[in-house]
Structure formats: C-alpha cells, structure tokens
Amino acid sequence: MNIVIDFPSRIGKGPPVFDVIVIGAGASGMMAAGRAGELGARVLLLEKMSRAGLKLGITGKGRCNLTNEGDIPTFLKKYYPDGRFLRNGFARFFNQDLIRFFEERGVPLTVERGGRVFPRSGRALDVVSALLRYVQQGGVRLLKERAVREILVRDGSVLGVRTAWETFEAPSVILACGGASYPRTGSTGDGYALARRIGHRIVSIRPHLVPLETEEPWVQGLQGLALKNVSVTVWVGGRKGPSEFGEMLFTHFGVSGPIILTLSGFVVDALAQGKVELALNLKPALTPDQLDQRLQREFRAHPHKTLKTILTFLLPKRLVPVFLDRSEVSGEKKGHQITALERKRLLHLFNNLRLTVKGHRPLEEAIVTAGGVAVKEVNPLTMESRIVRGLYLCGEVLDIQGQTGGYNLQAAFSTGRLAGESAARRALA
Ligand SMILES: Cc1cc2nc3c(=O)[nH]c(=O)nc-3n(C[C@H](O)[C@H](O)[C@H](O)COP(=O)(O)OP(=O)(O)OC[C@H]3O[C@@H](n4cnc5c(N)ncnc54)[C@H](O)[C@@H]3O)c2cc1C
C-alpha cells in the first residue's frame, strides 16, 4: 500500500505517518534507517533502484573493504578536504563498533594488509544482507523503485519528500543519495540537485580515486603489468607534489592501482594548473649510491651478459625494452662495456621514469565523487543541515572523500549512524 498525501493542500495538517524518511538505501542510508528504527522511530526508506545496496555489493572488488584498523588520528588524515568534520561521528561510532556491529549480525571479519577489514567470506553481499536485516529488525518500511524528486520545506523546516507520484511527510528527512560515480548502481548525483534546490551550496563535483590517462605510447604495451614497491611523485609545472609508495598498474590508457588512485584526487585538481608528470622511482628502497653499487656489482658479476639480460635481474622483464629505449643505452652492450656515463643515465631512469598525465578517466569510473554538499553547512555533532531544520545528510553526498583502505565506507557508516540517531531523537522529542 502506498501512502498518498495530497500535497500541498493536506501536508502539515494531519499527523505524519513516519517520523523519519531516509532517501537512498546505500551504505549510509541503510545504517541511518536501521539506527533510527532501533531507537523507536517509524522510518520510511526510499530507494530509487529495484535493489538496495547495489554499490555496496560491488565494493572492494566484490569483497567489501568496510573499514580499516587504524586509530582516529590516522583516519582523519585520510580524508580530503578536511577529515576533522568526521571527528565526532567517529567518536560516536568507529571501526571497532562497526566490526562488532557486523560480527554480531553473523558477518565474521578478517584484517588484511594495511589494516583493511573484509568479511571473512570474501562476499560484499553478506554486508548488504546484514544491513537489510538490521533495517528489517528496526521495522523500517523499505520502498524500492522510488526516486525522490524533491525535498519539501516550509519556513526553513523539512516537511517531507516527493517522488514521481507520492508525497510522504515526516519531521526528519535524511539525505543519503551517495555521489555520482558508477551511476548504474543508482548513485547518479540526485542528492546534489535535491540539496541545491533547498539552498545548499554544492562544491564542484570531480572524480576521486580514478585511473589516470598518460601521453606516452609505450604505456599501452605494458597493459596489465603491476609494479610493486615503487614510489610515484607528482610534479606540477615543474614543482614537486605528493608521493606515494606501494603498487601501481599499467593499463591500455595509462596507469591505475592503489598508489595512483590515492594520488588521483590531487592530480585531477592539478591538471587545471599546468603540466602534470608522474616520476616513477623503481627502486625507492635504495639510495642512489646503493643503487649505483648494486649496478656495478651486477656488471662485474656478469661481464659477458648483455645489458638487456642484466636488467631482468632488477626489473620486470616486460619493462626492460621500454627502460632501454628511454635510457638510450644499447641493450646489446655487455656488462663490462657499460661506461660510467651510461650507468649514470640508467641510474637516473631507475629513480625518475617519467609519465605525462593528459587526463583522467570519467567520473562514472571513479571509485568516489569529490565535492558535494559543503560540510560547513552541516553540523558535525548531529549531521543536521544548518540551512534546513530537520534535514540530515550523510555519506558520499557530503564534500568529504577518503583514500582507499576502507575509509569511505567507515565515513558512510559513521555519518549514517549519527544522522539516524539525530533524526530519530528530533522526531521523537
Ligand atoms: C567500484 C567501487 C568500489 C568501492 N570499494 C570500496 C571499498 O572497498 N571500501 C570503501 O570504503 N569504499 C569503497 N567504495 C566507495 C563506497 O562504496 C562509497 O563511498 C559508499 O557506498 C557511499 O555510501 P553512500 O550511502 O553515501 O552512497 P551509496 O552507497 O552510493 O548509496 C546511495 C543510494 O541512494 C540511492 N539514490 C540515489 N538517488 C536517489 C533518489 N533520488 N531517490 C532515492 N534513492 C536514491 C542510490 O540508488 C543508492 O542506493 C567503492 C566504490 C566503488 C564505485
């Protein structure tokens, strides 16, 4: 049965049927709805797609890296533009609370490299199911295929929401529509339009955690090659930017992989400022002196082997032809024939293999959307809007984005939980 209210003639005149309406049944919306229901609120959860948690179900390559083991100070450094907005949300509901939450609901978890937390089953869908059970236990009414078109506001207070053919009333509304990346999961940027229409400022939307496109044609030949334990430094118009150490991947259009995704937020913004280059250090664990000694040792140990063979002791095989081409030293030269000048050129390249960034993959392919509702307009103690009373915001619709490692989902769960609590308390007061 649908609740049809004849807006605007009746709205605000009869008692509302719901205490809290949540827009969007993603990570933050399900947590918010479940929590509000648990606290005794009558909750309506409206989802645009035919299934809830579609994006959550594909997170972490289908395994869902739902949080990280780090402490709060470490977490706060992982967000852009300013993680401090999340401090209170984390103080109220943080990683250990989240771990307990899922384990108590039959999803045992495991910690992997870098403190990343995953379901032991390796199935993101177990996380979705646990949240759906939470929502159900809270008595939440979930309506699917209901895209909210408008948030109704009167005299600075929220009144309810309107879908294509219904109007629902409630004293508290939670906006949990997510971002604009991976639109096939339902996150098509509706939240920004809904918030803008009622007076919120939207910080410009850009892709974050997105692969980068590079100019050099040789990159295509390396498609699929992963480099481990390398470091990448961003250079913008000749000025040194941030560096990351770890794993990267060559693709048919450029580069991707964990450290590239981490640097991508900076690169996307830097592309507007000047030429952006990536300097790859292929042996970051060795100082230039140590690397020089290592090279000399290899040449002494293999005086009659060709340079192209010797380099395979130091580099992935597929990278060697590119490396030789860039160094302009013949791969046919023998170890004992390499001059000091040639060794210097090789050394330089080990520390500074350059790629020119010509762009980034589109927003649709980004893991996260940068930008969104300006957090200055949201009270971090409650997640309530400072523009519209009774409106709460949580998750990726906010202008706060995290690095890879479980930081985005923890932010969605913590802000969702806080929004659910605050919305329920307001409605039930
Ligand atoms: C491929 C991929 C992998 C990822 N992996 C990880 C990971 O392993 N760890 C991590 O921390 N983060 C990961 N993320 C990021 C993480 O998934 C998001 O940051 C998180 O899901 C945001 O939660 P949310 O609730 O704000 O939005 P979403 O989960 O996107 O949910 C928003 C919901 O709102 C609904 N909706 C939208 N508009 C309307 C409307 N008008 N009316 C009603 N409903 C609407 C949508 O259909 C959707 O169900 C990944 C993202 C992607 C794309």
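1. To start with a term used below: a crossing of two helices is right-handed if the near helix is turned clockwise from the far one by less than a right angle, and left-handed if anticlockwise. With that in hand, helix α9 passes helix α12 in a right-handed crossing. Please keep in mind throughout that this is a predicted model.

2. Here is the overall picture. The chain holds 13 helices and 21 strands, and its C-alpha atoms fill a box of roughly 90 × 45 × 35 Å along the principal axes. Of the 429 residues, 57% count as buried. Among contacts with a separation of 6 or more, 73% join residues 24 or more positions apart.

3. Back to α9 and α12. Helix α9 covers residues 288-301 and α12 covers residues 340-351; the two pack at an angle of about 125°, and their axes are 10 Å apart. Angles from 65 to 115 degrees count as roughly perpendicular and those over 145 as roughly antiparallel, so this pair is oblique. On the α9 side the contact is made by P288, L291, D292, L295, Q296 and F299, and on the α12 side by R343, L346, L347, F350 and N351. Sorted by class, the residues in this contact are 7 nonpolar, 2 polar and 2 charged.

4. Another residue of α12 is worth a look: E342. With a relative accessible area of 12%, E342 falls under the 20% cut-off and is therefore buried. Setting aside residues up to four places away in sequence, E342 touches V329, K333 and Q337.

5. Just after α11 comes E328, with a positive phi of about 60°.

6. Now for helix α1, residues 27-38. Its 12 residues should span 16 Å at 1.5 Å a residue, and the end C-alpha atoms lie 17 Å apart, which agrees. Because 11 of the 12 residues are buried, α1 is largely enclosed by the rest of the structure. The buried ones are A27, S28, G29, M30, M31, A32, A33, G34, R35, A36 and G37. Just after the helix, G40 takes a positive phi of about 100°.

7. What surrounds α1? The buried residues of α1 pack against the strands β1 (20-23), β2 (43-46) and β11 (172-175), and against the helices α5 (95-104), α6 (124-137) and α13 (407-428).

8. The pairing of α1 with α13 can be followed residue by residue. Their axes come within 7 Å and cross at roughly 35°, and α1 passes α13 in a right-handed crossing. From α1, the residues A27, S28, M31, A32, R35, A36 and E38 meet L409, A412, F413, G416, R417, G420, E421 and A424 of α13. This contact divides into 8 nonpolar, 3 polar and 4 charged residues.

9. One last stop, in a strand this time: S231 sits in β14, residues 226-236. Is S231 buried or exposed? Its relative accessibility is 12%, so S231 counts as buried. Leaving out neighbours within four places in sequence, S231 is in contact with E244, F245, A279, L280, N281 and P284.

Note on methods
Residues numbered from 1 in each chain as written. Predicted model: local features only at pLDDT ≥ 70, side-chain atom pairs only at ≥ 80, totals over all residues. Heavy atoms only, no water. Axes fitted to C-alpha atoms, helices over the stretch in contact; angles between N-to-C directions. Helix = DSSP H or I, 4+ residues; strand = E, 2+ residues; numbered from the N terminus. Parallel < 35°, antiparallel > 145°, perpendicular 65-115°, else oblique. Contact = heavy atoms within 4.5 Å. Nonpolar A, V, L, I, M, F, W, Y, C, P; charged D, E, K, R; others polar. Expected span 1.5 Å × (residues − 1). Buried < 20%, exposed > 50% of the residue type's maximum accessible area, 1.4 Å probe, protein only.
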